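Keep the model open beside you as you read.

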Amino acid sequence: MTGSNLDTHPPRTHTCGALTEADIGRQVILKGWSDTRRDLGGVIFVDLRDRYGLTQVVFSPQDDVQAHTSAEELRNEFVISVCGTVHARSAETINPKLATGRIEVRVTELLILSRSAPMPFQVSVHTQESQLAGEDLRLKYRYLDLRRPAMQQRLITRHRAYQVIHRYFDARNFVEVETPTLMKSTPEGARDYLVPSRVHPHAFYALPQSPQTYKQLLMVSGLDRYVQIVKCFRDEDLRADRQPEFTQIDVEMAFATEDLVFGLTEGLMQRMWQEILGVEVAIPFPRLPYREAMRTYGSDKPDLRFNLTIQELTDSFRGSGFRVFDHTVDQGGHIVGLVVPGMGDRGRGYMDRLDKQVVRRRIGAGGLIYMRAPSSGAPPTCSVKSHVLPEDYVRAALSTSGVRAGDLLLVLCGQWPLVQQQMGALRLHMARELGCIDRHQWKFAWVTDFPLVEWDAREQRYTAMHHPFTSPKADDLELLASDPGHVRARAYDIVLNGHEIGGGSIRIHDSALQQRMFDLLGISRRECEERFGFLLEALRYGAPPHGGIAMGLDRIVMLLTGTESLRDVIAFPKTQSAQEPMSGTPASVEPQKLKELHIRSADL
């Protein structure tokens, strides 16, 4: 039978993942998609799929001739309703990998609810990862891609994360408050998405990069504890773990200290990993000052799942006569090394490829210098000839870095912090080469004591490392006027396995200090008044000390599900070119609509 109205058939009694041996002999009604169809000598087997699982249904003329005849029409992804009786599978057909693998439903009535056109790609449960269609095609037909159980499970994991978050913060007296989506453009480190106002000609709203000013105002209002799972927007270049619209777990507390924020966040991570993965996460998380993280791991989001650490070798090579090293030292730069165990016997071909393809092309460093200590115990060798870089200096570097027989020492030189970042990227590459990253470990950490500001050579001014509302450390206040680059911020990031999953700070709650910060950043008094006058005024009316954190929900779910891209955990994501292929977003609009918004299109 064929039909499209569910009223012509009773509602389902079970989902496709529910039936077990306890249901043998029961008459049931199942509804779902025809995942696969097999015709074996007149008996037709269909794997019926819904988001709960898979059940094998059997069409045999011995059970019902009409149902069997109708089943000959079935193809993949037809939507059907079946009525039948649960039977035990024969011993040789039991599928122990399937929750319903010990039973099957012998069908006595079939209703075809919807037919499917030939699929642009396969979404069957049995489709292997290596057989998947390309991402561009899957994004164009995202509603089909979302039929895949793996994709549905990721969205279900995201749903479960939402529930943990709501329960966790509610139990701790946090109030969920929605902040505006149409707000004022404020400088927060990335370009805003702007929305023209029809009723206010030539004026624009901005979509929020974060609810930063609003959550601070909620603290001024006396709300005390705020949380929101909020959509944020940034018009910036994309990569696999970045989207133009993303979701934050946004948190703010009055009378906050770093320890209070850390304890609250660690408890949430512990709860989430326990409830979703059944994994016990040890707290408290280790804390690394920013400079230590950069010096030791070459990153402000270090991956702590392996022990390769960066060595400072500047003093070992000081005065070596090697022009490259001497010039670096004279310019105040650094010479850094990385000991890679067990790779001291790698040949010239491997080292040349490492230098050209990885160090120069991918990492962007000027070139690699290396020293090999053969496992045979033979004398070490260096990629720079001894008449250019004397052996005494090579031996000093090998001793300082702790190289043993069979090890490889990689050396880069340059200016802080770029050379640290380059060596950090090389550290990650070598860890992958060694296969020493344990995918089953969860290594959380806090990175603290970030610089308050950094110098922008292009604009010739200081910019905020986090955002302009971050409080400086009290001990460094006297440096604000004389040496701003060395002022530490009361800012912190939470990192996991080499990913930043959240960041926050204790905020400036004094209007005078906030004005000093704006002055330092080169924001004129007029611009301050236009953009932040409401905040500066609010801080004059008894603002409590406050602080908080924003955690990237998309990235957290990406890690929880073991995927490599944020696009895998967002129902309808954008591509790296900020497009949504399925609906054709963004798209042009009619000239009349632009006219209503007081906008005239022009080729720039």
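This is a predicted model: local features need pLDDT of at least 70, side-chain atom pairs count only at pLDDT 80 or more; totals for chains, interfaces and linings use all residues.

You will find T309 in the loop that links α7 (290-297) to β12 (310-312). Its side chain makes a polar contact with the side chain of Q311, at 3.4 Å. Leaving out residues up to four places away in sequence, T309 also touches T296, Y297, G337, L338 and R427.

Next come the cores. The largest nonpolar core has 40 residues, and F169, M269 and M272 touch the most other members. Helix α6 (residues 258-277) is the biggest contributor here, giving eight residues. Take M272 as an example: beyond its neighbours within four places in sequence, M272 is in contact with A161, V164, I165, L277, I556 and L560. Another core, of 31 residues, lies apart from this one, and its members include A464, F469, A489 and C528.

C528 also leads us to a helix pair. The axes of α14 (residues 511-520) and α15 (residues 525-538) come within 11 Å and cross at roughly 145°, and the crossing is right-handed. On the α14 side the contact is made by S511, Q514, Q515, F518 and D519, and on the α15 side by R525, C528, F532 and L536. By type, these contact residues are four nonpolar, three polar and two charged.

Technical notes: Residues are numbered from 1 along each chain as its sequence is written. Side-chain values use heavy atoms; hydrogens and water are left out. Axes are lines fitted to C-alpha atoms, for helices over the stretch in contact, and angles run from 0 to 180 degrees between N-to-C directions. Helices (H or I, at least four residues) and strands (E, at least two) are DSSP runs, numbered from the N terminus. A crossing is left-handed if the near helix is turned anticlockwise from the far one by less than a right angle, and right-handed if clockwise. Contact means heavy atoms within 4.5 Å. Ala, Val, Leu, Ile, Met, Phe, Trp, Tyr, Cys and Pro count as nonpolar, Asp, Glu, Lys and Arg as charged, and the others, Gly among them, as polar. A nonpolar core is a set of buried Ala, Val, Leu, Ile, Met, Phe, Trp, Tyr and Cys residues joined through side-chain atoms within 4.5 Å. Buried means under 20% relative accessible area, exposed over 50%, partly exposed in between (1.4 Å probe, protein chains only). A polar contact is a pair of N or O atoms within 3.5 Å; within protein, one must be able to donate a hydrogen and the other to accept it, and residues adjacent in sequence count only if both atoms are side-chain atoms.
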